[in-house]
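Please keep the sequence and the coordinates in view while reading.

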Amino acid sequence: MSKRDFYDVLGVSRDADDKVLKSAYRKMAMQFHPDRNPGDAEAEAKFKEVNEAYDTLKDGQKRAAYDRFGHAAFENGGFGGGAGAHDFSSTMSDIFEEFFGMGGGRRSGGRERGADLRYNLDITLEDAFHGKTVEIEVPTSITCDACTGSGAKPGTSPATCRTCGGAGRVRAAQGFFTLERTCPSCQGRGQVISDPCESRSGSGRKTQDRTLSVNIPSGIEDGTRIRLAGEGEAGVRGGPAGDLYIFLSVRPHDLFQRDGADLYCRVPISMSTATLGGQFDVPTVDGSTSRVKVPEGTQTGKQFRLRGKGMPVMRSSQHGDMYIQVTVETPTNLTKRQRELLAEFEKESSGENHPESAGFFSKVKDFIDNLGA
């Protein structure tokens, strides 16, 4: 005898919400409860039917399965043996793979992707300014020449795994769900090797140093990562290679400090140059020099801007600026005559010659006077 539709059993429509389902179940469960119908076999059967219907429809996943496949979704201890049941179990498998990563990554005949590699490369500020091509040597795994990446001894070939039939995954029914797991016999590769190649126990790879050319673009900044696609480790048994990531570090410079595309340079000047004015030549990162004019009365911390003398901006024709910050150097190791000249200057000087210090000490005097008031 075929089962009745669960929605008909509870007397609800197929779009009934949880509240309607629960209300209908309570009403019918009370109507056909064995305590209210002692010795009534028909009522007992209906009571079991009502419970079975409600147990299925109150569960969101079970209800979705029932709506799609009907009673066949729960036959044979899980999802029925027909085509519809197979489709549903495949759908559930896809969901588990998407959210939990089960069974993914080895569907293409065991072609496992190789690992990504990292290489740290130090360059100078001048290299970052001009750009250059450097050669690096990277120890890595490459495809074995003897077995051409198959992992099997020359003259032999991998065999299809008997446990999973080459799928790399096996299914196991657990109550309502059919779960897929990595095949324990071939570790998800779908193939087994009975006579492996001597290179790294049948991995199809061997270790070798490789020389690669890396293009350093002009204007590159410290900490930039360059990706070389397919230059990482070779994949297991002919799988695709991973990537190589070059992490760049620009070494500190003796003269310049960098902030994005701008450069900063501190230049000490003599007290006489700062006082009387003058000029000096400063080197730039492109290897040339630029002349900086110092007006008389220049103080420590004064900045001079050299437009376009900074670092190039990547992928453009623009350049940053260079900022020259001067510091007035106090003379040391004075001769007797130099001391005499400075002493004479100090006698002749006034607040007009040192406006900043005069203003400061004037504020100090006012502060002390206010404390005593």
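## Basis and overall makeup

A residue is called buried when its relative accessible area is under 20%, exposed when it is over 50%, and partly exposed in between, with a 1.4 Å probe and protein chains only. By that division, 34% of the 373 residues of the protein count as buried. The model is predicted, so that local features need pLDDT of at least 70 and side-chain atom pairs count only at pLDDT 80 or more, while totals for chains, interfaces and linings use all residues. Residues are numbered from 1 along each chain as its sequence is written, and side-chain values use heavy atoms, with hydrogens and water left out.

The protein has 9 helices and 15 strands, where helices (H or I, at least four residues) and strands (E, at least two) are DSSP runs numbered from the N terminus. Its accessible surface, computed by the Shrake-Rupley method with a 1.4 Å probe and, for residues, with only the protein chains shown as cover, comes to about 23100 Å², of which 49% belongs to carbon and sulfur atoms. With contact taken as heavy atoms within 4.5 Å, 61% of the contacts between residues at least 6 apart in sequence join residues at least 24 apart.

## Salt bridges

Side chains of opposite charge can pair when their charged atoms come close. Here a salt bridge is a side-chain nitrogen of Lys or Arg within 4 Å of a carboxyl oxygen of Asp or Glu, and by this rule the count comes to 15. One of them joins lysine 46 to glutamate 42 at 3.8 Å, N to O; both residues lie in helix H3 (residues 41-57), 4 residues apart, about one turn of the helix. Lysine 46 is partly exposed at 31% relative accessibility, whereas glutamate 42 is exposed at 55%.

Which residues are linked with Arg113 in a network of salt bridges? The network consists of Arg113, Asp116, Arg227 and Asp243. Arginine 113 meets aspartate 116 at 3.0 Å, N to O, and aspartate 243 at 3.3 Å, N to O. The latter pair links distant parts of the chain, 130 residues apart, with aspartate 243 in the loop between strand E8 (225-228) and strand E9 (244-250) and arginine 113 in the loop between helix H5 (83-100) and strand E1 (117-123). Aspartate 243 is buried, with a relative accessible area of 7%, while arginine 113 at 42% and aspartate 116 at 38% are each partly exposed.

Although glycine 238 and arginine 113 are 125 residues apart in sequence, their C-alpha atoms are 8.6 Å apart in space.

Asparagine 215, in strand E7 (residues 205-216), is exposed at 53% relative accessible area. Its C-alpha is 4.4 Å from that of threonine 133, 82 residues away in sequence. Leaving aside residues up to four places away in sequence, asparagine 215 touches Lys132, Thr133 and Ile226.
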